[in-house]
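Subject: Structure for you to look at

Hello,

Here is the structure I promised. Please open it first, then read my notes below with it on screen.

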Amino acid sequence: MSRQLACCLLLSAACLNGAEREPQVQTLQPGMRLTLIAEHPDLVTPTGIDVDRDGHVWLVASHTHFPPDNYPGPKHDEILIFDPDGRRHVFYNATHHTMDLELGSDGWVYLAERDRILRIKDSDGDGQADLEETLATLASDAVYPHNGLSGLTWHSNGDLLFGVGENFAKPWTLTGTDKTVYRGTGAGGIFRCRTDGTELRRIARGLWNPFGLCVRQDGVIFAVDNDPGERPPCRLLHIVDGGDYGYQRAYGQEAHHPFVGWYGQLRGTLPMLHPAGEAPCGVCPLGRGLIVPSWSDHRVYFYALQPHGASFTANRIELVQGGRYFRPTGIAFDPSHPHSTTLSWYLNDWVDGRYQVHGYGRLWKLDVDLPQSTWVGPKELALPTPEAQLAADLRHGLQEQSQQQLLRLAGQSDPFVAQAALAALARTAIDWQPVNVENLAAQDRVQAVLALKLAATAKPQ
């Protein structure tokens with residue numbers, strides 16, 4: 001008997017020892033269809049997911065997330081491939097605490113473990129990865145599986161984006177392949193690098209655990225921040241370069257300390273777009289909105305976005321409702337039928353509420369018939385508002401503004417315009433002397449200090 005078959009039989013027996021976990025799932029909006037593609041023991045406790053252009057689903061089956069002493073599965077996580085008919089194939093079986101998976105156009109498969117970003121590849125065409133390269137390493141005393149590295153996605157310029165969690169407020173050091181180093185304590189963030197791990201750069205900070213990221217076709221970045229314990233809610237965030245989203249675990253486990261900004265209430269921090277349910281694990285674009293699965297809510301949501309100043313407002317619509325044994329984690333778009341009027345996404349399902357790996361898991365396909373799905377709204381993206389264009393130009397140095405003009409914009413009521421002005425100020429703040437700040441008006445000195453803080457945190461250490 002092969003080792004793989006023996007593991008499947010053992011996991012199957014583990015599933016049969018308890019009552020079957022019925023998902024009790026239903027769609028709630030017109031034009032939707034949810035289909036079960038595969039389930040335990042073919043896949044168990046899945047995390048990351050992606051779909052290739054031939055419609056094959058690639059996912060992570062976790063076997064290392066708090067395994068019990070008698071756990072019968074493999075000692076490492078599995079990278080699985082399911083073909084369109086649901087047939088299963090093991091591509092790799094050597095990683096630990098694997099949180100996400102993203103397919104690259106270069107033939108590599110990119111993975112996020114708790115403490116490193118890596119890529120794997122099948123170089124000889126035998127259907128199994130035989131090459132592995134580490135792109136970034138997170139060094140820390142913390143070992144909790146899902147508050148380190150996670151949240152892979154591609155930027156429109158080809159960079160790889162990923163998230164860093166709050167890491168239980170333990171100091172951490174993140175190192176790229178070219179020895180670029182960032183250090184932090186207590187606050188998660190979002191980073192980007194080239195496909196080989198060079199040119200590591202921090203994009204945003206002040207997050208709890210950005211477990212899900214996506215980039216729209218116009219380059220706008222969104223994240224789901226998972227999660228701040230019992231209060232306040234998890235966050236759907238519009239991510240911008242240099243953004244500070246206010247969270248610091250150094251001030252305690254919960255996110256309601258006077259020095260912690262969770263709603264953008266502190267000067268220099270940015271607000272959420274909308275509460276994102278409890279334990280959101282992924283986010284995908286659809287038209288002008290976003291699809292977000294929520295692990296603890298047993299739901300899949302759609303957030304209809306409307307431009308508002310330099311950012312957006314959001315209206316939440318429930319798409320899918322399940323019972324206690326429907327716990328969606330990762331979500332990925334199926335690119336195999338790009339011109340169809342029916343679009344498809346695949347959803348991983350952790351099934352059981354235990355954090356320990358437990359031998360259960362499901363894979364779902366969510367089809368959306370666009371002509372019938374009036375809830376989607378406009379399919380084409382809206383043009384940037386004047387405020388959004390101004391903010392983008394300021395962040396990228398495409399608009400000339402005097403220091404006084406930037407200080408004035410940094411005090412604007414639109415937090416995303418104000419942040420962009422601070423980002424522009426930060427580019428010159430490195431050359432300031434104390435006298436340059438002392439001679440400013442009182443309200444401008446506050447903006448100058450925020451620009452100096454932004455300049456200091458943007459730099460590698």
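What share of the 461 residues of the chain counts as buried? The figure is 57%. Keep in mind that this is a predicted model.

**The whole chain**

The chain contains 6 helices and 27 strands. A compact globule of 461 residues would have a radius of gyration near 23 Å, and the chain has 22 Å, so the two agree. Along the principal axes, the C-alpha atoms fill a box of roughly 80 × 50 × 45 Å. Now take the contacts with a separation of 6 or more: 58% of them join residues 24 or more positions apart.

The accessible surface is about 19200 Å². Carbon and sulfur atoms make up 50% of that surface. As for charge, there are 39 positive and 52 negative side chains. The centres of these two sets are 5 Å apart.

**Cysteines**

How many disulfides does a search of the whole structure find? The count is 0. Take C281: its closest cysteine sulfur belongs to C234, 9.0 Å away, which is too far for a bond. C281 is buried, at 12% relative accessible area. C284 is in no disulfide either, with the sulfur of C214 as its nearest at 6.5 Å. C284 also counts as buried, because its relative accessibility is 9% and the cut-off is under 20%.

**Two residues and their contacts**

Start with I79, in strand β5 (residues 77-82). Is I79 buried or exposed? I79 has 0% relative accessibility, so I79 counts as buried. W58 is 21 residues from I79 along the chain, yet their C-alpha atoms are separated by 7.0 Å.

Next, find E22 in the loop between α1 (3-16) and β1 (26-27). E22 and F326 are 304 residues apart along the chain. Their C-alpha atoms are separated by 8.0 Å. Not counting residues up to four places away, E22 touches Y325 and R362.

**Helix α2**

Helix α2 covers residues 386-395. Which of its residues are buried? They are A391, D393, L394 and R395. These buried residues pack against α3 (403-409) and α4 (415-429). Just after α2 comes G397, with a positive phi of about 65 degrees.

**Backbone details**

Two cis peptide bonds are worth a look. One joins H40 and P41, with omega about 5 degrees. P41 sits in the loop between β2 (32-39) and β3 (46-51). Another joins N226 and D227, with omega about -5 degrees. D227 is in the loop between β18 (221-225) and β19 (235-239).

Which way does phi go at T45, positive or negative? Phi of T45 is positive, near 35 degrees, and T45 is not a glycine. T45 lies in the loop between β2 and β3. T45 counts as buried, at 0% relative accessibility. H97 is a residue other than glycine with a positive phi too, near 50 degrees. Look for H97 in the loop between β6 (88-95) and β7 (98-103). With 12% relative accessibility, H97 counts as buried.

Best wishes

Terms used. Residues numbered from 1 in each chain as written. Predicted model: local features only at pLDDT ≥ 70, side-chain atom pairs only at ≥ 80, totals over all residues. Heavy atoms only, no water. Helix = DSSP H or I, 4+ residues; strand = E, 2+ residues; numbered from the N terminus. Rg over C-alpha atoms; globule rule 2.2 N^0.38 Å. Buried < 20%, exposed > 50% of the residue type's maximum accessible area, 1.4 Å probe, protein only. Contact = heavy atoms within 4.5 Å. Areas by Shrake-Rupley, 256 points an atom, 1.4 Å probe, with all protein chains shown as cover. Lys, Arg positive; Asp, Glu negative; His and termini not counted. Charge placed at Lys NZ, Arg CZ, Asp CG, Glu CD. Disulfide = S-S within 2.5 Å.
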